Amino acid sequence: MYVTTTIPYVNARPHLGHALELVQADVLARHHRRRGAPVRFQTGSDDNSLKNVLAAEAAGVPVRELVDRNAAAFEALRGPLDVSFDAFIRTSAHPAHRAGVERIWQEIAHDLYQRHYEGLYCVGCEQFYQEGPCPDGHPGPLQTVSEQNWFFRLSRYQDALLDLIGSGRLRVEPAARRNEVLAFVAAGLSDISVSRSAARARGWGIPVPGDSDQVIYVWWDALANYVTALDEPGAYERWWVREQDKVHIVGKGVIRFHAVHWPAMLLSAGRPLPTAVFVHDYITAGGRKISKSAGGTADPAELVAAYGVDAVRWWLLREVPRVGDVDFTEERLRARADEDLANGLGNLVSRVATMVHRFLDGHVPPQDEPLAEISVDAALADFDFRRAAIEVWRIVEEANRYVETARPWAQPRARQEVSLGRLVGACRELADQLEPFLPTAARRVAAAVGGERLAKPRPLFPRSGV
């Protein structure tokens, strides 16, 4: 599997929405690795945006300084969120990106032409609209822009895109998003501007080959990262040509770029296509989309510092639905961590270890049949991370119920060994099944119930105290 996240603008530090994509992609990557499949998990930062230029001007610092600083904050999320990405591409710094973008530009040259364009432009979205305000909620009026641009013949690929998405050769999930894309394409595609004046871009970005007065549109540049970063010997052939499972995880605000523009661009270039685009909805705060532009970004590194990586990852996986926005508050995060991690998982492992020490002197008895048969494969094949998390949690629920019904403390020694053996086995199965979702917690559970003799029990998930 080749799984990617979008690469966010770095006009400010990351927020919880960025953490959501990283964690979802990490679950897929870890899940497939556990099953022995080769995996490449790639993320990165979109450095070549006008938003970054304007943010640097507002801060009174060079663009390079701001981009480097904020991109480092995105890459540093690997540690706090315990994510296992294999590659992090920065579009202004990756040694192969500019040359790769220029190569694709030449490959699609037969579908490029110049003309004058005038329209309303949202810097927050980095795209033109027919009317305002910005449908994604970016503040301020849309800017009237009039300039000579390069255009891509997107209209030429309408029928091909309808067939590609309608047949399922390019999966767009969930179904509501697939239908949205099909309706958009069926209504008729217009050619799109794929360059910006170098003057308006302040000279920041990748120049159009052979036209130094224009820079390549940041989204056209950014989408190419999924292939330009495959610059290691044989990587492009391995992960983009031969790989049968190429998945983009994206937010609903950028669905057209990934499900319409990107495949059309690849069709024009004669390159292989991705196989799936999974679209998640938004995390909101007070009913408003969390974004860098709106402030109040819920910094994921700060949340991990306050509540721990398991609490943050578990909230993102257990609370965020496959379809629909979800409102975030720290109170909801604490409540979910206390209920599930402290009272559910932590209490289970502590009770089992305590009983093994009390009744069996810490020695682990033989384990027979599992307490719960689960499968997360179907849920993750549907990109339903919440359903997959709930499926794993069935082990916790079944084991806690078994403790109450079997009552090992009231059994004779022979029955205690059977009951506690099953419970230790359930905890070990939990440690294994939790690894893609909560790798840090999985390691702690495995340490608590591993070996022939258990360590003395200690709290795994202290309550928040709030």
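Is W262 buried or exposed, and at what relative accessibility? At 0% relative accessibility, W262 counts as buried, where buried means under 20% relative accessible area, exposed over 50% and partly exposed in between (1.4 Å probe, protein chains only). The views below are taken from a predicted model, in which local features need pLDDT of at least 70, side-chain atom pairs count only at pLDDT 80 or more, and totals for chains, interfaces and linings use all residues. Residues are numbered from 1 along each chain as its sequence is written, and side-chain values use heavy atoms, with hydrogens and water left out.

**View 1. The aromatic pair W240 and W262.** The ring centres of W240 and W262 lie 6.1 Å apart with the planes at 50°, so the pair is tilted. Rings of Phe, Tyr and Trp (its six-membered ring) pair if their centres lie within 6.5 Å; planes under 30 degrees apart count as stacked, over 60 as edge-to-face and the rest as tilted. Distant parts of the chain are linked by this pair: W240 belongs to helix α10 (residues 235-242) and W262 to helix α11 (residues 255-269), 22 residues apart. Helices (H or I, at least four residues) and strands (E, at least two) are DSSP runs, numbered from the N terminus. W240 is buried, with a relative accessible area of 0%. One aromatic cluster is formed by Y2, Y226, W239, W240 and W262.

**View 2. The aromatic pair F152 and W220.** A search of the whole structure finds 16 aromatic pairs. In the pair of F152 and W220, the ring centres are 5.1 Å apart and the planes stand at 50°, so the pair is tilted. F152 lies in strand β6 (residues 143-152) and W220 in helix α8 (residues 218-223), 68 residues apart. Both F152 and W220 are buried.

View 3. Axes are lines fitted to C-alpha atoms, for helices over the stretch in contact, and angles run from 0 to 180 degrees between N-to-C directions. Contact means heavy atoms within 4.5 Å. Strands β12 (residues 246-251) and β13 (residues 276-280) pair over 5 bridges in the parallel sense, and I249 stands opposite F278 in β13.

**View 4. Helix α13 against α16.** The axes of α13 and helix α16 (residues 385-406) come within 6 Å and cross at roughly 110°. That makes α13 roughly perpendicular to α16 (angles under 35 degrees count as roughly parallel, over 145 as roughly antiparallel, 65 to 115 as roughly perpendicular and the rest as oblique). W314, L317, R318 and E319 in α13 meet F385, R386, A389, I390 and W393 in α16.

**View 5. Helix α13 against α18.** Helix α13 (residues 309-319) and helix α18 (residues 439-449) pack at about 120°, with axes 8 Å apart. α13 is therefore oblique to α18.

Note on methods:
Pairing = 2+ DSSP bridges.
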